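Try each task on your own, then read the solution step by step.

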Amino acid sequence: MRNIKLTIEYDGSGFNGWQKQPNKLNIQGEIEQVIQKITGEVVELNASGRTDAGVHALRTSCKF
């Protein structure tokens, strides 16, 4: 098993916050889907924090 650290920024407009929620658009779920599409691996991100709906982030750290 390996850990990979990502430092990301995002515009949270139109999203329901960071954390995965059933049937709601969220940052965590979208990033996990893209990583799976690129690597073929199912991953779960662990973030250093999370944001509420509509909130933006700059230099947020997360790992998978």
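**Exercise 1. Find which residue of strand 3 is the bridge partner of Ala-47, then say how strand 2 and strand 3 pair.**

Solution. Start at Ala-47: its bridge partner in strand 3 is Cys-62. Keep in mind that you are looking at a predicted model. Next, take the two strands as a whole: strand 2 and strand 3 pair in the antiparallel sense, over 2 bridges.

**Exercise 2. Work out how many bridges join strand 1 and strand 3, and find the partner of Ile-8.**

Solution. Strand 1 covers residues 5–10, and its antiparallel pairing with strand 3 runs over 5 bridges. Then look at Ile-8: Thr-60 is its bridge partner in strand 3.

**Exercise 3. Decide whether Thr-51 is buried or exposed, and list what it touches.**

Solution. First, locate Thr-51: it sits in the loop that links strand 2 (46–47) to strand 3 (57–63). Its relative accessible area is 17%, and buried means under 20%, so Thr-51 is buried. Now look around it: leaving out residues up to four places away in sequence, Thr-51 touches Tyr-10, Gly-17, Trp-18, His-56 and Ala-57. With one of these, Tyr-10, there is also a polar contact between the two side chains, at 2.9 Å.

**Exercise 4. Classify Gly-49 by its accessibility, then give its C-alpha separation from Trp-18.**

Solution. Gly-49 is also in the loop between strand 2 and strand 3. Its relative accessibility is 35%, between the 20% and 50% cut-offs, so Gly-49 counts as partly exposed. Finally, Gly-49 and Trp-18 are 31 residues apart along the chain, and their C-alpha atoms are separated by 8.6 Å.

Key:
Residues numbered from 1 in each chain as written. Predicted model: local features only at pLDDT ≥ 70, side-chain atom pairs only at ≥ 80, totals over all residues. Heavy atoms only, no water. Helix = DSSP H or I, 4+ residues; strand = E, 2+ residues; numbered from the N terminus. Buried < 20%, exposed > 50% of the residue type's maximum accessible area, 1.4 Å probe, protein only. Polar contact = N/O pair within 3.5 Å; in protein donor to acceptor, adjacent residues only side chain to side chain. Contact = heavy atoms within 4.5 Å. Pairing = 2+ DSSP bridges.
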